[in-house]
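Student: Please show me how such a structure is to be read, one feature at a time.

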Amino acid sequence: MILEKTKVLKVSKSADTKEDLQNLYFAAEIIKKGGLVVFPTETVYGLGANALDEKAVRKIYEAKGRPQNNPLIIHLSKSDDIDLYCETGKIEGLDALKALMPAPLTVILPAKPVIPSVITAGLPNVAARVPMSAAARKLIELSGVPIAAPSANLSGKPSPTCAKHVLEDMDGRADVIIDGGDCEVGVESTIITLCEEVPTLLRPGGITFEKLCSILGEVHMSHAVLESLKPGEQVLSPGMMYRHYAPERPVELVKGNRMKCVDYINTRSSKEDCAVICYDEQAPLLKCKYVLTAGSEKDNQAYASKLFSMLRDTNSLDVSYIFAFLPVDTTGISLAIYNRLLRAAGFNVKTFDD
Ligand code: TXA
Ligand code: MG
């Protein structure tokens, strides 16, 4: 670390007060010197370093315990900068996606030689994103370099969406943590690759699959979004290969007939102490020791924004098992919830027919 211990600095959502700018300026200096800065985005917190400084980027992998073959996203303050780091000449659909930015969206494009291979894990392509968060964009602008950043969790744990959860994992590992409050979207950015014959969704998020289809016409969805991979299977996005978002206790997901789901969970929790993550509508019916609600079934954005926080909070509960309700369908933001829950549970799903 560059600093002796981790420094926590508060920045408001608008990131434009005198104190905000002083704090962001301080953090930008740490980035320039090759240090690690955790910063808020609209999706989850990121663990950032100067993307053009190989030594600094290596520190990210070390601090997270991240496998070396899992590449990083570069964060830019404006969409035009994509052309500085990616070969964009013949890429169809890119202009339409740029028009959406800043957004919870990451685009994979052929990398220019300026991008060090430690960012791409040796792949010919690089992932780029322009975050919506004003604090994130101001930090990048003041740093004067692209910022490489994975989610600011230890590898395998749920991504942090508030400063308290960042501190659990990154205290003593990052030089600075910028506390910008809770992340609104709550799940990581949508990832789409424009390097295949047809644009392909690799990770669902705040920019929905339906929206991408309406903009680009045909979009494929990688089967890894909703299915587990076969052992040794090669994928377009290395991050898909790893267990993710997992709380300390085993998780089982339920879907289908609501009363049958409730009965099943109540029977299980009469025998052992359990926690359940559910919608407001199901909460009064459940008899678990802890019932964590994420909002109404009609508001899946609320479920998404609380999901990682709730998964983490189960670690401090004295239970042996966690249940969670899957959304009723996989449209809109529900696809992202579905995708994250499947990974948190290691694809352990119980389906109850009507
Ligand atoms: O919302 C987000 O995207 C957050 C915030 C901090 O911006 N970042 C984030 O980064 O989620 P990370 O590293 O936790 O997830 C990035 C995913 C990984 O699954 C990685 O394998 C994939 O993106 N990825 C990165 N570069 C890639 C590339 N060149 N080709 C294919 N997949 C790539
Ligand atoms: Mg991550």
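Student: With which residues is Arg-340 in contact, leaving aside its neighbours within four places in sequence?

Tutor: Contact means heavy atoms within 4.5 Å. By that rule, and with neighbours within four places in sequence left aside, Arg-340 is in contact with Val-187, Glu-188, Ser-189, Arg-203, Pro-204, Tyr-245, Leu-307 and Phe-308. This is a predicted model, in which local features need pLDDT of at least 70 and side-chain atom pairs count only at pLDDT 80 or more, while totals for chains, interfaces and linings use all residues. Residues are numbered from 1 along each chain as its sequence is written, chains are lettered from A and ligands numbered from 1 in the order in which they are written, and side-chain values use heavy atoms, with hydrogens and water left out.

Student: Is Arg-340 buried or exposed?

Tutor: Arg-340 has a relative accessible area of 0%; buried means under 20%, exposed over 50% and partly exposed in between, with a 1.4 Å probe and protein chains only. Arg-340 is therefore buried. Its place is in helix H11, residues 334-344, where helices (H or I, at least four residues) and strands (E, at least two) are DSSP runs numbered from the N terminus.

Student: On which strands does H11 pack?

Tutor: H11 touches E12, E15 and E16 of a sheet. That sheet is open and parallel, with five strands in the order E14-E13-E15-E12-E16; two strands pair if DSSP finds at least two bridges between them. Strand E14 (290-293) and E16 are the edges, each with a single partner strand, so one side of each has no neighbour in the sheet. The direction of H11 makes about 140 degrees with that of E12. Axes are lines fitted to C-alpha atoms, for helices over the stretch in contact, and angles run from 0 to 180 degrees between N-to-C directions.

Student: How many bridges join E12 to E16?

Tutor: Four bridges join E12 to strand E16 (residues 349-352), and Gly-256 has Phe-352 in E16 as its bridge partner. E12 (residues 251-256) also pairs over four bridges with strand E15 (residues 321-325), in the parallel sense. There, Glu-252 stands opposite Phe-323, and Val-254 stands opposite Phe-325.

Student: What is the order of the strands in the sheet of eleven?

Tutor: The order is E1-E8-E2-E3-E7-E4-E6-E5-E9-E10-E11, in an open sheet with mixed pairing. Within it, E2 and E3 pair in the antiparallel sense over three bridges and form a hairpin with six residues between them. Val-38 stands opposite Leu-47 in E3, and also opposite Ile-177 in E8.

Student: Why is E3 largely enclosed by the rest of the structure?

Tutor: Strand E3 (residues 46-50) is largely enclosed because five of its five residues are buried. Two bridges join E3 to strand E7 (residues 147-148) in an antiparallel run, with Asn-50 and Ile-147 as bridge partners.

Student: At what angle do helices H1 and H6 pack?

Tutor: Helix H1 (residues 18-32) and helix H6 (residues 134-143) pack at about 55 degrees, with their axes 8 Å apart. H1 is therefore oblique to H6; under 35 degrees counts as roughly parallel, over 145 as roughly antiparallel, 65 to 115 as roughly perpendicular and the rest as oblique. Among the residues that meet are Leu-21, Leu-24 and Tyr-25 in H1, and Ala-135 and Lys-138 in H6.
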